[in-house]
Amino acid sequence: MSQTPPSYLQEGQRLRDWLVTRDHKRIAILYAVAITGFFILGGIAAMLIRLELITPRGDLMSAQLYNKTFTFHGVVMVWFFLIPSIPNTLGNFLLPLMIGARDVAFPRLNLASWYIYMGGGVFTLVCLVAGGVDTGWTFYTPFSTMFSNTHVILVASGVFVVGFSSILTGINFIATIHTMRVRGMTWFRLPLFVWSMYGVSLVMVLATPVLAMTLALIMLERLAGVGIFDPALGGDPLLFQHLFWFYSHPAVYIMILPSMGVVSELITASARRRIFGYRFMVYSILGIAVLGFFVWGHHMFVSGQSMYASMLFSILSFIIAVPSAVKVFNWVATLHKGQIVFDAAMIYALGFVGLFMLGGLTGLFLAATALDVSLTDTYFVVAHFHYIMVGGAVMAYLGGIHFWWPKVTGRMYPEIWARIAAAMMFFGFNLTFFPQFLLGADGMPRRYHEYPDRFQLLNVLSSAGASILAVAYALPLCYLLWSLRHGAPAPDNPWEARGLEWQTRSPPPKHNFVEPPQVDRDSPYAYEDA
Amino acid sequence: MSNVAGHDQPQRHDDDGPPPSSLGGDLGVLAALFVLLAATIACAFIPMGVGNMIASLAIAVAKALLVMVFYMRLKRDAPLLRIVAATGFAFLIVLIVFTLADVITRIPLLTS
Amino acid sequence: MNSATARLAEQFDDVSQQREASTLGMWIFLATEVLFFGVLFAGYAYGHLLHGAAFAEAGRETDLVLGTIETSVLLTSSCLVALAVRAVQLGRQRGAAVLLLCTAALGTAFLVLHGFEYAHEYKEGLVPGLHWTQVGPSAPYKQLFYFLYFSITGFHSLHVSIGVVVLCVMAWRTMHGHFGPSWHTPLELSALYWHLVDLVWIFVFPLLYLLGRHG
Amino acid sequence: MTLPQASSEAARIDTLFYFMLALSTVVCVGVLIAIVWLGIKYRRGSPADRGGREQRDLGLEAAWTLIPLLLFIAIFVWSVKLWAELRTPPAQAQTIYVVARQWMWKVQHVNGQREINTLHVPLGRPIQLVMTSQDVIHSFYVPAFRVKQDVLPDRYTSLWFSPTRAGEYELFCAEYCGTEHSHMHGRVVVQTPAAYADWLQSHARQGMAAQGAALYRAMGCSGCHEDGASVRAPDLRGIAGRSVALADGSIQVADDGYLRDAILLPRKHIVAGYQPIMPSYQGRLDPEDVLALIAYLKQSGDAAADPEPRNP
């Protein structure tokens with residue numbers, strides 16, 4: 001062993017050293033701080049929504065304010081938290097480590113993408129201060145172009161700008177995975193997390209430009225009063241919906257693919273077991289990433305879309321559920337003959353599997369055209385996508401944060417608190433969102449500021465669950481920050497995991513590895529060979 | 001081509017890119033582009049119904065291929081780049097085809 | 001002067017890997033550009049499908065002569081920038097710099113010509129949202145066409161402007177000996193970008209300028 | 001679900017819903033049991049046998065790929081058959097017109113009766129709603145009937161249902177449409193045929209077709225579209241529902257949407273053999289007026305060769 005260089009955290013301590021850093025690990029931290037801020041903002045909006053909905057009457061906020069609140073919640077959570085969450089924090093930190101590279105292919109671009117993200121965030125916050133926007137995160141025309149008199153252009157600019165951050169990250173990751181793998185790291189030796197980053201980058205690169213341009217067209221239509229979505233000129237509001245969902249459906253996979261990658265790492269490490277059906281897991285990541293572009297029309301079954309198109313989108317939506325189902329079965333099969341320990345990471349991972357499964361199964365209801373007619377635009381849909389995005393993506397994100405916390409910070413977190421938080425989160429989440437399935441099946445439309453009295457009981461349950469969930473989310477923030485100073489120093493490989501990131505020090509030095517890491521096993525999950 | 005990342009490889013001073021093109025080739029491509037430009041303008045003035053659009057697009061695709069294959073050096077550069085280029089266009093076609101598939105089939109369901 | 005290893009960024013092992021990553025990254029970026037423009041083309045396809053006759057009528061009113069000159073200018077510039085890359089690969093930096101400046105000049109000429117076109121259309125009242133004086137039964141659909149016309153050509157001109165600036169920077173760097181036969185990746189990437197600008201125009205020209213000419 | 005099943009399709013949709021609910025429950029419970037069982041048996045340090053650890057089992061993987069796939073295709077077929085019926089109105093369905101705007105539902109019955117945020121329908125009779133919006137996108141949603149359809153500006157969409165239970169049911173706007181979105185609700189009143197007839201009588205006024213006939217003359221339609229007119233324009237007697245040959249060679253059925261476009265966007269479809277000279281009536285007619293004109297055109301077809309509308 002040569003002399004040990006300082007860790008990436010010790011390199012330069014001034015604020016300026018952080019703000020001009022090109023180290024992928026530091027950029028990951030910058031992202032983590034920023035998205036945590038946005039998560040808190042979006043979470044406050046969510047709490048306001050749940051508070052308002054405790055009573056059937058709109059007694060807390062005006063209708064306009066309520067509409068602005070759920071729009072803000074949607075915009076911030078989708079574009080400023082979920083989309084960048086795992087790729088830009090864990091992905092940025094781990095991708096080069098996992099493939100044995102010194103950094104990503106384009107470190108300056110990586111830093112630029114963070115600044116662009118912050119720029120988009122500034123637009124959105126300015127919009128909030130200026131009075132907000134009330135179109136819903138979906139910006140449906142002609143409401144967003146001709147009828148809303150709120151700050152649509154500001155927030156659309158914010159999302160437009162943040163899209164470039166996504167695109168740059170996607171380009172960076174694909175180029176990195178293709179060209180920067182260490183000797184011996186062949187494609188089928190890549191950890192599934194890396195594969196999921198590859199899939200997610202494909203989606204970011206191919207879908208995001210469409211969203212950006214579509215929002216640009218919305219802005220143009222607001223400015224010029226003319227546009228291709230205006231039916232009076234022979235345009236079509238449904239054209240907007242097509243373009244919007246061409247991005248926004250694959251965007252769901254931007255949120256869930258990385259989670260699948262994280263969970264594969266967590267389960268194998270906690271079960272000390274190779275992943276079951278590695279190749280199939282890889283193919284299903286790629287399959288989901290590509291097929292995800294062919295199903296967007298299932299958001300439009302009652303929109304006035306052609307019935308033939310609806311049938312096509314319906315069958316394709318059923319087909320894309322197959323790889324997701326197989327992934328769930330493979331995760332469970334991985335437990336077979338393992339050495340399972342139920343540490344915090346494992347609780348998060350299994351929580352993910354359960355919630356993702358529920359979200360996926362209810363997705364089948366919505367893929368079935370006949371059921372979608374009555375269920376779409378109700379709380380059933382709200383519950384469904386929160387199971388995927390919050391139950392799925394956020395659980396996996398926090399699970400990943402815990403699992404790699406020792407590597408990132410060089411400190412151990414308090415295990416018992418982590419388990420309590422994970423269990424609380426699972427319970428609080430279900431209490432919040434399961435009643436919403438019942439509400440939706442009972443016919444409560446979404447985005448309602450006031451609602452008929454018969455829905456009150458379930459809404460109160462949901463709000464009660466939300467308060468538990470809020471505490472559960474606040475816990476990790478507290479004990480993880482506490483552990484930065486008071487946590488036990490972490491060994492290089494506390495979980496005895498097999499990925500290359502565990503071959504280096506905790507925290508890693510600036511260029512990740514003192515000596516090039518060795519890829520001497522044919523699987524990233526060779527737990528039994530030890 | 002993707003496994004070049006060996007730490008123990010000797011440092012090379014050449015970047016492994018495609019060799020320089022030939023002057024005649026580049027000028028020949030330009031000539032071909034101008035011929036196609038003339039052809040597409042000529043075609044536009046012949047009434048062919050829907051054939052006009054097909055001819056226009058076919059010639060445009062031919063011109064685009066010339067530029068990509070020769071000027072952008074897809075022919076001699078790494079095969080992966082061809083896949084990337086094709087993917088961009090393929091997803092654009094998915095966007096357009098699926099969207100139009102809705103627009104042109106907005107008729108009542110033909111039930112037997 | 002042209003030591004390739006001096007240009008090697010610290011995250012790469014060798015120049016070959018660096019070039020491979022950079023060109024790959026650039027091509028992925030170009031693919032996203034295709035999808036950026038693709039949204040406008042999808043809008044065009046929609047409009048043309050539903051209002052073919054009005055689109056043809058509107059297409060006839062575009063300036064075919066200027067459009068053809070602009071096309072020729074861009075095609076030629078594409079050839080010049082390819083020759084510039086070739087020249088630098090052969091070690092002729094001066095020639096390459098001149099070729100790059102010529103390319104940038106052609107790009108500027110394109111922008112100027114387009115400016116004339118826009119000015120003319122403004123006078124004719126063909127600018128939706130700013131100055132639209134068309135009346136008649138098909139006027140709304142023609143407005144849709146001209147909305148797309150200005151969105152597509154405007155967005156394209158933005159790309160041309162960026163391209164001109166990039167080409168000038170590359171010419172300056174070539175003059176100062178930053179590139180040589182063994183290392184010229186930035187120049188190559190800029191050339192790729194310029195070709196994309198040309199590529200988009202190859203589709204814009206028939207769709208906007210040649211529409212309805214036989215009617 | 002505690003929702004009443006108040007339309008002919010509701011029970012069958014619920015059957016599919018409950019089938020999928022049962023299936024999902026089985027899968028969830030199965031996976032949960034597997035996780036718990038494996039978690040206990042193979043907890044770290046347990047004495048369970050861990051020999052023969054193959055990490056690939058093609059048979060198993062193929063099985064749990066193909067079985068879901070086939071199951072999904074079966075559900076798809078079931079759902080699409082049901083949905084096709086849900087979206088194809090029976091021929092004898094009675095038409096009622098709906099115009100949505102921020103933030104109310106305006107209903108027009110064929111006899112001229114109008115109501116706001118309430119829809120009266122007779123029991124046991126298939127009803128087809130032809131709907132349009134004056135501003136943004138809305139969505140007509142009656143949970144008890146399991147029907148929902150977005151309502152678009154400048155376009156007609158339709159849905160149908162056949163009420164099977166008398167009573168009052170909630171009507172919601174399900175597509176977010178602005179500030180008062182959650183107040184854009186109303187009720188659907190399903191009455192016995194006799195009560196419905198009484199209701200229609202008690203609120204009778206000039207029929208939609210008669211309103212349309214008056215507009216037909218007032219707006220000058222008759223000046224071109226009737227015999228002896230100086231301008232040559234297509235004869236509109238019995239036009240509704242007929243196939244029309246267009247100048248571009250295609251054939252269009254003159255349904256509600258076609259007639260609406262012909263009035264508001266006359267250049268969209270040019271009838272073969274005629275000049276595109278008709279001015280657009282966009283902005284000169286309310287959505288309700290257009291619907292009245294369409295009702296008149298439909299009635300003039302029912303009245304066979306008689307072009308003169310008869311006032312009731």
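**Figure 1. Contacts and overall form of chain A.** In chain A, 85% of the contacts with a separation of 6 or more join residues 24 or more positions apart. Two residues are in contact if their C-beta atoms, placed from the backbone, lie within 7 Å. This is a predicted model: local features need pLDDT of at least 70, side-chain atom pairs count only at pLDDT 80 or more, and totals for chains, interfaces and linings use all residues. Residues are numbered from 1 along each chain as its sequence is written, while chains are lettered from A and ligands numbered from 1 in the order in which they are written. Chain A holds 15 helices and zero strands. Its radius of gyration is 23 Å, close to the 24 Å that the globule rule gives for 530 residues, so chain A is as compact as a globular protein of that length. That radius is taken over C-alpha atoms, and the globule rule is 2.2 Å times the number of residues to the power 0.38. The C-alpha trace of chain A spans about 70 × 45 × 45 Å along its principal axes. Of its 530 residues, 71% count as buried. Buried means that 20 or more other C-beta atoms lie within 10 Å of the residue's own; exposed means 12 or fewer, partly exposed is in between, and the C-beta atoms are placed from the backbone.

**Figure 2. Where chain A touches chain D.** The contact takes 65 residues from chain A and 66 residues from chain D. On the side of chain A, α3 (63-99), α5 (143-147), α10 (307-335), α11 (344-367) and α12 (369-375) each supply at least two residues. α10(A) gives the most, with 13 residues. Helices (H or I, at least four residues) and strands (E, at least two) are DSSP runs, numbered from the N terminus. For the complex, the predictor gives an ipTM of 0.90 and a pTM of 0.91.

**Figure 3. The β4-β10-β9-β6-β7 sheet of chain D.** Five strands make an open sheet in this order, and their pairing is mixed. Two strands pair if DSSP finds at least two bridges between them. At the edges stand β4 (118-122) and β7 (147-151) of chain D, each pairing on one side only. From one strand to the next, the twist averages 20 degrees. Helix α3 (residues 193-202) of chain D packs on the sheet and touches β4 and β10 (186-191) of chain D. The direction of this helix makes about 130 degrees with that of β4(D). Axes are lines fitted to C-alpha atoms, for helices over the stretch in contact, and angles run from 0 to 180 degrees between N-to-C directions.

**Figure 4. Strand β6 of chain D and its partners.** Five of the five residues of β6(D) are buried, so the strand is largely enclosed by the rest of the structure. H138(D), F140(D) and V142(D) point one way, and S139(D) and Y141(D) point the other way. Strand β6 (residues 138-142) pairs with β7(D) in the antiparallel sense over five bridges. In β7(D), Q149(D) is the bridge partner of F140(D), and D150(D) is that of S139(D). The hairpin of β6(D) and β7(D) has four residues between the strands, and R146(D) there takes a positive phi near 60 degrees. Strand β9 (residues 167-173) of chain D also runs antiparallel to β6(D), joined by two bridges. There, F140(D) has C173(D) as its bridge partner.

**Figure 5. The β3-β2-β1-β5-β8 sheet of chain D.** This is an open sheet of five strands with mixed pairing. β3 (114-116) and β8 (157-161) of chain D stand at the edges with a single partner strand each, so one side of each is left without a neighbour in the sheet. The twist averages 25 degrees from one strand to the next. Strands β1 (residues 94-101) and β2 (residues 104-108) of chain D run antiparallel, joined by five bridges. A100(D) stands opposite W105(D) in β2(D).

**Figure 6. Confidence along chain D.** The pLDDT is the predictor's confidence in each residue, from 0 to 100. Chain D averages 86, and 93% of its residues score at least 70. Among the elements of chain D, β6(D) has the highest mean pLDDT (96) and helix α5 (residues 221-225) the lowest (79). Over residues 304-312 of chain D the pLDDT is below 50. Beyond near neighbours in sequence, that stretch has 12 contacts in the model.
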